[in-house]
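Have your viewer ready and try each task before reading its solution.

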Number of protein chains: 2
Amino acid sequence: MEISKVNIDAAFAKFDGYWDPKIVAELNGQMVKLARLSGEFIWHSHAKEDELFLVLDGVLEIHFRDRDTVTLCQGELAVIPRGVEHKPVARGQVRLMLFEPSGTINTGEIVDSRTRTNLDRLE
Amino acid sequence: MEISKVNIDAAFAKFDGYWDPKIVAELNGQMVKLARLSGEFIWHSHAKEDELFLVLDGVLEIHFRDRDTVTLCQGELAVIPRGVEHKPVARGQVRLMLFEPSGTINTGEIVDSRTRTNLDRLE
């Protein structure tokens, strides 16, 4: 089996839309996803999954109910621990890489028009 | 508990040396590590861990015994499946991000002068 690589810019060129993550790699029961974000997302939490956000471009605020907002710029990452309610807010357009367990749903415990399941995997 | 962010450039400014990965985040039993690479590493494999390499700067070749070399440039990633013997070769200096299970040792099943255990965690 050949080992394929993923070029992040080329992967982003394969899809449009916001808040619609695509899978680019899977390892050890975790997935690496790419997404474009713009504006506000919904408040949610993930009961059993920690979630890593790495900002590739743009400025992403992560709001919390009970602690200070974390603002991520290009080349910055943060881990949102399981169970912590958060609301991502993208200032302008953000290109994001996520690293999280394979079963993680983008809206966590909430089901909403923005919930995405059965994500596409980019080849 | 505040949620802290990691600025990748600032994290690299905190350490020197090559082939000496530092931990910048941990989630879901996985670690995110940063390392500088230069020149050839040793042939090795990881029996139980898939390993993700994301090149932040530079050009990294990943050689295999039985399949084509994968060359990663800036903004490119690849997953090395568990059990697959590989040898990283950095052309010039490479800045690398790794995602892998927390117990992963840099030289896999080999113990050698380059083996690193008890990695520092950058705060």
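**Exercise 1. Which strands pair with strand 3 of chain B, and in which sense?**

Start with strand 2 (residues 22-27) of chain B, which runs antiparallel to strand 3 and is joined to it by five bridges. Strands here are DSSP runs of E with at least two residues, numbered from the N terminus, and two of them pair if DSSP finds at least two bridges between them. Within this pairing, Glu26(B) faces Met31(B). The hairpin leaves two residues between the strands, and Asn28(B) has a positive phi near 55° there.

Next, take strand 7 (residues 86-101) of chain B: 11 bridges tie it to strand 3 in the antiparallel sense. Here Val32(B) has Phe99(B) as its bridge partner.

A note on the model: it is predicted, so local features need pLDDT of at least 70 and side-chain atom pairs count only at pLDDT 80 or more, while totals for chains, interfaces and linings use all residues. Residues are numbered from 1 along each chain as its sequence is written, and chains are lettered from A and ligands numbered from 1 in the order in which they are written.

**Exercise 2. How many residues of chain A are in contact with chain B?**

Count residues whose C-beta atoms, placed from the backbone, lie within 7 Å: 27 residues of chain A are in contact with 27 of chain B. Strand 6 of chain A gives the largest share of chain A's side, five residues.

Asn7(A) stands opposite Glu76(B).

Terms used:
Helices (H or I, at least four residues) and strands (E, at least two) are DSSP runs, numbered from the N terminus. Two residues are in contact if their C-beta atoms, placed from the backbone, lie within 7 Å.
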